[in-house]
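This report is written for a reader meeting the structure for the first time. Please look through the sequence and the model before reading on.

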Amino acid sequence: MEPFWHNKSLEAMTRDEWESLCDGCGRCCLHKLREDRTEKLHFTNVACRLLDVTTARCSNYAQRRRFVPDCIQLTPQMLNEIDWLPPSCAYRLLQEGRDLPWWHPLVSGRAESVIEAGISVAGRVVTERDSGALEDHVVLWPGKLPRSAGPLIKRKKPK
């Protein structure tokens, strides 16, 4: 039997299927800076105050928008409008017609594979409460796919 992400478009997925696409890496929970003049995006290694920096999991996912009002509720419609999802993000990969990689928990069957592949932010970031100026924390790695993650496979997008 084919996995649901091979047969369903992002728009056709149930809420549970949509939520299961998140690999829990925490990269989207990092603060980003955008240059006013050029609109260039810069990733930082500063995590949202709700992100547990040792596990890369949100400490209050169900009520995150109550505590962090600018936390984004990602939808399929937003995917064409945003440019800040990391290249490893399942939502971005599927939107681009790529398959989920070997380390994604839906493929590997193990949440630990995200850490093993070097995708997770666990242990690599600081909390916003401890960071100081965001400009002092600009890093490149959240916007890049580590070699250990392997190649991304192109596939035909479901209709």
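## Aromatic pairs

Trp 18 and Tyr 91 are both buried, where buried means under 20% relative accessible area, exposed means over 50%, and partly exposed lies in between, with a 1.4 Å probe and protein chains only. The model is a predicted one, in which local features need pLDDT of at least 70 and side-chain atom pairs count only at pLDDT 80 or more, while totals for chains, interfaces and linings use all residues. Residues are numbered from 1 along each chain as its sequence is written, and side-chain values use heavy atoms, with hydrogens and water left out.

Rings of Phe, Tyr and Trp (the six-membered ring of Trp) are taken to pair if their centres lie within 6.5 Å, and planes under 30 degrees apart count as stacked, over 60 as edge-to-face and the rest as tilted. By this rule there are two aromatic pairs. In one of them, the rings of Phe 4 and Trp 5 have centres 5.2 Å apart and planes at 90 degrees, so this pair is edge-to-face; Trp 5 is buried, at 8% relative accessible area. Trp 18 and Tyr 91 also form an aromatic pair, a tilted one with 4.3 Å from centre to centre and 40 degrees between the planes. Because Trp 18 lies in helix α2 (residues 15-20) and Tyr 91 in helix α4 (residues 90-95), this pair ties together parts that are 73 residues apart in sequence; helices (H or I, at least four residues) and strands (E, at least two) are DSSP runs, numbered from the N terminus.

## Charges over rings and a polar contact

A charge sits over a ring if NZ of Lys or CZ of Arg is within 6 Å of the ring centre and within 35 degrees of the ring normal. Arg 64 lies over the face of Tyr 61, at 3.9 Å from the ring centre, and Arg 124 lies over the face of Trp 141, at 3.8 Å from the ring centre.

His 6, which belongs to helix α1 (residues 4-7), is buried at 16% relative accessibility. The side chain of His 6 is joined to that of Glu 2 by a polar contact of 2.7 Å, that is, a pair of N or O atoms within 3.5 Å, where within protein one must be able to donate a hydrogen and the other to accept it, and residues adjacent in sequence count only if both atoms are side-chain atoms.

Strands β1 (residues 30-34) and β2 (residues 41-47) pair in the antiparallel sense over four bridges, two strands being paired if DSSP finds at least two bridges between them. Arg 34 stands opposite Leu 41 in β2.

Six residues lie between the strands of this hairpin, and Glu 39 takes a positive phi near 70 degrees there, although Glu 39 is not a glycine. At 48% relative accessibility, Glu 39 is partly exposed. Ala 56, in the loop between β3 (51-52) and β4 (57-58), likewise has a positive phi, near 65 degrees, but Ala 56 is buried at 4% relative accessible area.

## Cysteines

How many disulfides does a search of the whole structure find? The search finds zero, a disulfide being a pair of cysteine sulfur atoms within 2.5 Å. The sulfur of Cys 48 has its closest cysteine sulfur in Cys 29, at 6.2 Å, which is too far for a bond. For Cys 71 the closest cysteine sulfur is in Cys 48, at 6.3 Å, again too far for a bond. Cys 48 is buried at 15% relative accessible area, whereas Cys 71 is partly exposed at 22% relative accessibility.
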